[in-house]
Amino acid sequence: MTELNCQECNEPYKVGALYCGECGSRLFSDNYETLVGGLAAPAQPKPITEPREEPQVSAGMIVFLVLSSARRVELPANSEIHIGRVDPNRDIHPHLDLTADDGASLGVSRLHASLQSTENGVMLVDLGSTNGTYLREESLTPHEPSPIRNGDVFQLGHLQVQVFFEM
Amino acid sequence: MTDDLLAITIQSSRESIAAFDGEQLLYLLVNVDPPKKTTVPYLPRNLSLIVDCSTSMKGDRLGNVKHAAGMIVERIGPEDKISVVAFSDRAEVVRPSSPLTSKATLISQINGIRASGGTEIYQGLEAGYDEIRKSPLDSFSNHMILLTDGHTYGDTKDCLQLARDAAIQGIDISAFGIGDDWNEAFLDKLVAMSGSQSIYIEKPSQVVGYLQDKIRGLGVVFASSFRLLYDFPSGVELLSVFKIAPYAQQFVPDGLDMRLGSIEADSPLTLLLEFQVEVQNSEESFRLPVRFLSDIPSRQMKDYPSDYELEIPISGEHDPIEPPYQLAEAVRALNLYRMNERIWQDIEEGDIPVATRRLQQFNTRLLEAGHSALAEQVELETERLRSMGALSESARKRLKYGTRTLITQTIRLES
């Protein structure tokens, strides 16, 4: 029987183990990091792209500006606005669809976040997205509403959106 | 190998196995693909919402549960049935199982729930179980959803027996634990009977989102009672099963067939299986049958088999191990989850210096894997452990459920 020990902590491990149970170090192929490099870079908050000039907002409407594509979308200020990417196969039709803004490759989930109008003001909620939602450079806890202000920029994965609404 | 109804694909951590005298590890990443939603008829839902209304739920907790329950009416179709049970140390059927004819009535029924008394989960489960069984179970997707914030006393065995009986009849149980004062080991066991999910809700304000998510997820069920048969050749032992998609949940093999919940149309099931194997020198290849059974309501099929036979060449020497990327990332996340479990074991045993050292190592590995938010949390807890010699229940739950979710993130690179 072959005796194997972790090179970092010297704990024994079984043939076929991929990570050391004691210290967590990788036990296979030294080339692994270069083989997979860049595949799973998680999203991080980015410095905010220069926001555009504040647009005119009609009463009862919310305006979204996608900063990378400069696309402007105006939606009725319903109690809840879903933000993500349309997927007809899964019957997912968010009100703000970011497919045209390269949402998929920028890490926007199908049901990524929502904007909710509540008694306490407008709230941004991450809906358990894969690559996270950021507001004022803070990562949002999934399903926990965070107050969002007129003119704030939020980030879905790697995509930034500025929002305007009447208070 | 694939079959007509559920396509099974398996990635293995090993391209070859050495003829090696002793136990070695093998990981399999199993993907089960159901057909497209458009081809599957809608299976009405039979839901029972079981709400803890013990004294500790007073205020924000019950308020948010009511708000959330009121919002799920938007997701209930005309063919679905819903019942609501409120329980403390006794249970009250607030709404008997019936189709939703008036949203206003359901909301006022839910709003009438008042908090008082202790927590006896069995009381609530039994009442919900009775309600759900009023419908012909084969014609529905059956789901009990438990929301609780406390420890149950003296009835855990009864709860687990009920969950076991329910699972056999095709009723799944999911559980939401609100706040910090509930027993996650117990809720994990409870939901494992049917292969469902337990969810940690740290703050009452999160209830609405998580419950909506859960109801949205109860989409069009294609296969129910999906189970892995514990039928492996001698020399093969299944050590652990981790459900990765559609949600993260760990299951502990006990030598019996393992229930893994329902499979919805358009929503693949992904599992990480960990085996310990002993390979015989005399064979040319190592064969491992992986067999599943499920019920397919739309075809009126019971015990529908989905089989896969894995074959790995046996080699005379130790070939380098180069596992597929997603499998390796899933195992890395599983290892992080286990590192966290060991830390809590050390703390329970009072071995604070070892726990502190392990927390530091854990923090490093989280950073390496790019999980900076969780790493930051671990750093904070390390400081707290060092200065106070103990950690809070909320830290325990936050890290446990935080590391559990990592495993799902490795697979859902694009969701």
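Trainee: How many bridges join β10(B) to strand β16 of chain B?
Mentor: This is a predicted model. Strand β16 covers residues 285-296 of chain B and runs antiparallel to β10(B). One facing pair sets B:L228 opposite B:F292. The number of bridges joining the two strands is three.

Trainee: In β13(B), which residue is the bridge partner of B:R227?
Mentor: Look at strand β13, residues 258-259 of chain B. Two bridges join β13 to β10(B), in the antiparallel sense. In β13(B), the partner of B:R227 is B:R259.

Trainee: And in β14(B), what is the bridge partner of B:V221?
Mentor: β14 of chain B spans residues 263-264. β14 pairs with β10(B) over two bridges, again antiparallel. The partner of B:V221 is B:E264.

Trainee: Is strand β10 of chain B largely enclosed or open?
Mentor: Take its eight residues, 221-228. A residue is buried if 20 or more other C-beta atoms lie within 10 Å of its own. Seven of the eight are buried, so strand β10 of chain B is largely enclosed.

Trainee: What share of chain B is buried?
Mentor: Chain B has ten helices and 17 strands. Its radius of gyration is 22 Å, close to the 22 Å from the globule rule for 415 residues, so chain B is as compact as a globular protein of that length. Of the 415 residues, the buried share is 45%.

Trainee: How far apart are the C-alpha centres of domain 2 and domain 3 of chain B?
Mentor: Domain 2 of chain B is 45-219, and domain 3 is 326-411. Five residues of domain 2 contact six of domain 3. On the domain 2 side, one is nonpolar and four are charged. The C-alpha centres lie apart by 30 Å.

Conventions: Residues numbered from 1 in each chain as written. Chains lettered and ligands numbered in written order. Predicted model: local features only at pLDDT ≥ 70, side-chain atom pairs only at ≥ 80, totals over all residues. Helix = DSSP H or I, 4+ residues; strand = E, 2+ residues; numbered from the N terminus. Rg over C-alpha atoms; globule rule 2.2 N^0.38 Å. Buried ≥ 20, exposed ≤ 12 C-beta atoms within 10 Å, placed from the backbone. Domains from an automatic or database assignment. Contact = placed C-beta atoms within 7 Å. Nonpolar A, V, L, I, M, F, W, Y, C, P; charged D, E, K, R; others polar. Pairing = 2+ DSSP bridges.
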